[in-house]
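Trainee: Could we go through this model together? I would like to begin with the backbone and then turn to the packing.

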Amino acid sequence: MIKKIVIWSLLILCSNEAVKSQSIMKHELIQLPYAANALEPVISQETIEFHHGKHLLTYVNNLNNLIQGTKFETADLETIVKESDGAIFNNAGQVLNHNLYFTQFSPTGGGKPGNRLAEAIDAVWGSFENFQKEFETAGVGVFGSGWVWLAADQDGNLSIVKEANAGNPLTKGLKPLLTFDVWEHAYYVDCRNRRADHLKSLWSIVDWKEVESRY
């Protein structure tokens, strides 16, 4: 009888541990939807390997370690970004920002957006070309490290948002659609300190179908 009780106790313990492990959110490094050299010459393979394979991986690993034992260990990435602060926010923000950044590009990208997004851009900036100029100007104007975003409010109204460090428009109640990374590690290998040149070149690889799907 005692042996059966011990066995049942062990089974219950193992079951509880299994449930606990299943409830903990494990964030993973995203797989790129293209080869590491596919965005050349705009973004080199060397930059991709460092930016995605090292910088982003570090943020992912840091986040998984930091959320253990906190209320965020079972939360999705967007919830963490909206509700956290300090080191957890910094790493979660950088994971989400980079996920959006890397998945918005394609070796067959470029051109212009279509459908509702094109109409919304024209409504605010008058033309796609005017929007591009203002977006680049905003990106160049981010002091230090950060991001420039095209974001939408709940009614679909668009705006260009500048964020420092790990900032994301989600914290302002906005939906992030498109982002250019202006941390130096995003462009220094390819463009050195020429941030403006890098931003201008990115238009040729933007996957507007992906950006439109976010809108």
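Trainee: Where does N115 lie?
Mentor: N115 lies in helix α5; helices here are DSSP runs (H or I, at least four residues) and strands likewise (E, at least two), numbered from the N terminus. This is a predicted model, in which local features need pLDDT of at least 70 and side-chain atom pairs count only at pLDDT 80 or more, while totals for chains, interfaces and linings use all residues. Residues are numbered from 1 along each chain as its sequence is written, and side-chain values use heavy atoms, with hydrogens and water left out.

Trainee: What is the phi of N115?
Mentor: Its phi is positive, about 55°, although N115 is not a glycine. Most residues other than glycine have a negative phi.

Trainee: Is N115 buried or exposed?
Mentor: N115 counts as exposed, at 61% relative accessibility. Buried means under 20% relative accessible area, exposed over 50%, and partly exposed in between (1.4 Å probe, protein chains only).

Trainee: And what about N165, where is that?
Mentor: N165 is in the loop between β2 and β3. Its phi is near 55°, again a positive value in a residue other than glycine, and N165 is partly exposed, with a relative accessible area of 42%.

Trainee: Which residues does the cis peptide bond join?
Mentor: It joins E40 and P41, with omega about 5°. P41 is found in the loop between α1 (2-23) and α2.

Trainee: Now the sheet. In what order do the strands come?
Mentor: The order is β2-β1-β3, in an open sheet with antiparallel pairing; two strands pair if DSSP finds at least two bridges between them. The edge strands are β2 (158-164) and β3 (175-181), each pairing on one side only.

Trainee: How many bridges link β1 and β3?
Mentor: Strand β1 (residues 146-152) pairs with β3 over six bridges. V148 stands opposite F180, and A151 has P176 as its bridge partner.

Trainee: Why is β3 largely enclosed?
Mentor: Six of the seven residues of β3 are buried, so the rest of the structure largely encloses this strand.

Trainee: Changing topic: how do α2 and α4 cross?
Mentor: The axes of α2 (residues 45-66) and α4 (residues 86-102) come within 9 Å and cross at roughly 140°. Axes are lines fitted to C-alpha atoms, for helices over the stretch in contact, and angles run from 0 to 180 degrees between N-to-C directions.
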